[in-house]
Amino acid sequence: MDTGKEIVRFENAGLSYEGAPETLSDISLSLSEGEFRFLTGPSGAGKTSLLKMIYLAHRPTRGRFFLFGEDAMAAPREALPALRRRIGVVFQEFRLLDHLTAFENVALPMKVAGVNQNQYREDVSELLNWVGLGHRMDAKPPTLSGGEKQRVALARSLVSKPDLILADEPTGNVDPAMSERIMKLFVELNKLGASVIVATHDLHLVQSIGKPVLRINDGGVSHSAGAGGAS
Ligand SMILES: Nc1ncnc2c1ncn2[C@@H]1O[C@H](COP(=O)(O)OP(=O)(O)OP(=O)(O)O)[C@@H](O)[C@H]1O
Ligand SMILES: [Mg+2]
């Protein structure tokens, strides 16, 4: 479903970390409502850096960047949290809180937003069941496997029903059957209207899902339409 409304737009954007040569030097891309993109490229190419610019953790050091139609480079700092709340992020390194249970970790974004537990308890359980962790809701992250933590992080990113889902290697720690299940979940959420960007090294998965691919290399981004192929 492409309704045409632009969610993300970069125009000749660059990012350099603290005076180092630019990690990303020439990013131009646009993602519209309801679109799905894979993000590929070698390790260190800048996939995570690009996702960080999108969720406003890093500002591009040059060029232009629009998020949900707003000029994110010109937006005042106070306007950023509202934009960020529309994005669900699955971080490459999970970022779970070790002293909270799986349930509490997933529920955290709702709790922080001041939503009453009655309104999200079922969603949290349903998501945890969906990712195969219904029996581990009361477990704390240090007692979970890497793949289980990844699935908790995934559930947490989805609980607020974001308009834009950014997933950084969401299948890096799970077995092939679970990878496929997770990817199908993204495809389902995309069908329901969410825009999705998934950074991954798993080209087999990219090919099996058959969504367009953005490939980052040498600081720039190239587009390919179909079932992946290029690594
Ligand atoms: N906070 C930072 N400060 C300085 N350099 C950074 C920082 N974050 C990333 N980099 C550098 O920017 C480059 C791109 O890193 P990034 O994490 O975006 O790559 P990636 O494509 O996600 O790699 P991977 O596939 O290994 O996850 C790397 O050379 C990295 O060392
Ligand atoms: Mg990365």
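**View 1. Around A155 in a predicted model.** A155 touches V106, L127, L128 and V131, leaving aside residues up to four places away in sequence; touching here is contact, with C-beta atoms, placed from the backbone, within 7 Å. This is a predicted model, where local features need pLDDT of at least 70, side-chain atom pairs count only at pLDDT 80 or more, and totals for chains, interfaces and linings use all residues. Residues are numbered from 1 along each chain as its sequence is written, while chains are lettered from A and ligands numbered from 1 in the order in which they are written.

**View 2. The largest nonpolar core.** Welcome to a core of 57 residues, where V106, A155 and L166 have the most contacts inside it. Domain 1 (1–86 + 163–225) and domain 2 (95–161) each supply at least three of its residues; these bounds come from an automatic or database domain assignment. A nonpolar core is a set of buried Ala, Val, Leu, Ile, Met, Phe, Trp, Tyr and Cys residues joined through C-beta atoms within 7 Å, and buried means 20 or more other C-beta atoms within 10 Å of a residue's own.

**View 3. Strands around β9.** Strand β3 (residues 36–40) runs parallel to strand β9 (residues 213–217), joined by three bridges, and F38 has V213 as its bridge partner in β9. Five bridges pair β9 with strand β10 (residues 220–224) in the antiparallel sense; I216 is partnered by V221 there. Strands are DSSP runs (E, at least two residues), numbered from the N terminus, and pairing takes at least two DSSP bridges.

Terms used. Helices (H or I, at least four residues) and strands (E, at least two) are DSSP runs, numbered from the N terminus. A residue is buried if 20 or more other C-beta atoms lie within 10 Å of its own, exposed if 12 or fewer, and partly exposed in between; C-beta atoms are placed from the backbone. Two residues are in contact if their C-beta atoms, placed from the backbone, lie within 7 Å.
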